Amino acid sequence: MNAKGLLAATLLGLSGMLALAQPRITPQGIIVNPVPTDLQVKTWVDKDPGKSGNSSYRIGENITIYAQVNQDAYVYLFNINADGKIDLILPNHLSRDNFMRAGETRRFPPQGANYQFTISGPEGQDQVLAVASKQPLSLADIADVERGQVRVQGAENLARALSIVVTPIPQQNWVSDVATYWVGRPQTPPPPPPPSSATLNVNSNPQGAQVIVNGQLVGQTPLTISVRPGRTEVEVRLRGYVSYFTTVQTRPGESVNIFATLQPEVRNGTLLVNSNVGGAEVWINGARSGRTPLQLSLREGTYEVVVRAGGYNEFRTSVRVVADQTVRVDARLTPIQTTLEISVNIAVPVRIFVDGNELGTTQNGFLRVTVNPDAHELVALAPGYRAEVVRLRLSPGATEQIRLSMDRL
């Protein structure tokens with residue numbers, strides 16, 4: 001990893017460090033603490049927040065590392081290349097403060113930094129090691145923080161050195177985590193086995209009707225198709241006839257027969273229902289009638305139309321259908337908002353941004369706002385303080401409490 005202008009570091013590789021933990025502290029025990037602890041630390045890279053280990057970076061591509069703790073702790077980040085070269089990411093001469101508050105998430109390089117981490121190889125599977133401790137660790141024998149130099153080489157030597165450093169500390173007071181990714185060409189995992197299937201045999205009277213399965217037109221009756229096992233929605237539709245709807249629950253290898261006796265349409269009007277969220281469920285007079293976009297032939301009369309989609313507020317209206325005329329309903333579904341209760345450790349007004357949009361300023365260290373649940377990132381800014389960045393994972397309709405710790409520049 002090369003830091004533009006300030007920090008030169010070659011990322012990352014921790015091949016061969018994973019091993020079974022022993023009852024006593026050993027080099028292998030550094031990787032997986034053998035003693036259960038309430039203290040937790042998590043580290044990940046920007047391409048792999050779920051830590052699948054399958055993300056890959058090209059040489060010359062930028063990378064961002066994240067760390068998070070659930071309790072107040074001192075956090076140490078080490079990067080080890082496939083060739084054994086080790087770099088100390090935290091603390092370093094640009095970021096000496098490695099004390100993190102409970103629930104805090106930090107990114108490296110920080111938001112707005114005038115340097116970047118750039119992948120420089122060699123190719124292979126790389127890993128980053130995070131160690132969190134309730135007490136500060138002495139790295140004097142391992143690294144020169146001011147010069148950004150690590151005095152040991154190779155994953156085994158680093159683990160051995162760290163095992164000596166943590167020996168005086170109770171084992172329940174420290175914990176570690178490892179994130180992996182690939183540099184260059186990733187190994188290709190074997191293809192997943194083909195999914196098992198079930199069979200639908202669909203026919204109608206009269207024949208030649210369109211068959212719609214889970215909202216997709218798949219052919220005309222008589223028709224035999226393969227579907228994934230589970231819940232399947234089937235519609236049989238023919239011009240001049242009332243559409244037929246059914247739902248079947250299939251098991252792997254099962255064959256299910258569906259026969260639709262279509263009834264001729266009476267002289268009806270047409271109801272067209274659209275929504276800004278595709279595939280939203282449409283309920284008419286309390287009965288599920290299909291998904292948007294939806295066109296129905298209905299007898300003349302007044303109907304209550306309800307449109308629903310997961311994560312959105314329900315849309316409801318009443319319409320009058322007149323024979324031989326078309327009435328349109330355009331349902332504008334709005335996301336169910338999530339409430340953020342934001343508290344900061346300073347009384348100075350802090351400007352709060354979510355996904356680049358400014359939502360307000362804290363008063364006496366607190367701000368309450370509502371946001372769409374698909375928001376991704378919160379940024380807090382205050383004159384004379386470092387920017388604070390929090391990755392958001394929100395649930396519709398929930399109230400999320402976010403505590404920010406602002407550090408002076």
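**Exercise 1.** State which residue forms a salt bridge with Arg106, and describe where the two partners lie.

*Solution.* Step 1: Arg106 pairs with Asp407, and their closest N and O atoms are 4.0 Å apart. A salt bridge is defined as a side-chain nitrogen of Lys or Arg within 4 Å of a carboxyl oxygen of Asp or Glu. The model is predicted: local features need pLDDT of at least 70 and side-chain atom pairs 80 or more, while totals for chains, interfaces and linings use all residues. Residues are numbered from 1 along each chain as its sequence is written, and side-chain values use heavy atoms, without hydrogens and water.

Step 2: Arg106 belongs to strand β9 (residues 105-108), whereas Asp407 is in the segment after β35 (399-404), 301 residues apart. Strands (E, at least two residues) are DSSP runs, numbered from the N terminus.

Step 3: Arg106 is buried at 13% relative accessibility, and Asp407 is partly exposed at 23%. Buried means under 20% relative accessible area, exposed over 50%, and partly exposed in between (1.4 Å probe, protein chains only).

**Exercise 2.** Explain which parts the salt bridge between Lys51 and Asp177 ties together.

*Solution.* Step 1: The N to O distance between these side chains is 2.3 Å. Step 2: Lys51 is in the loop between β2 (41-45) and β3 (56-57) and Asp177 in strand β14 (residues 174-183), so the bridge joins parts 126 residues apart in sequence.

**Exercise 3.** Identify the network of salt bridges that includes Glu281.

*Solution.* Step 1: Glu281 bridges to Arg288 at 3.5 Å between the closest N and O atoms. Step 2: The network links Arg231, Glu233, Glu281, Arg288 and Arg291.

How values were computed:
Helices (H or I, at least four residues) and strands (E, at least two) are DSSP runs, numbered from the N terminus.
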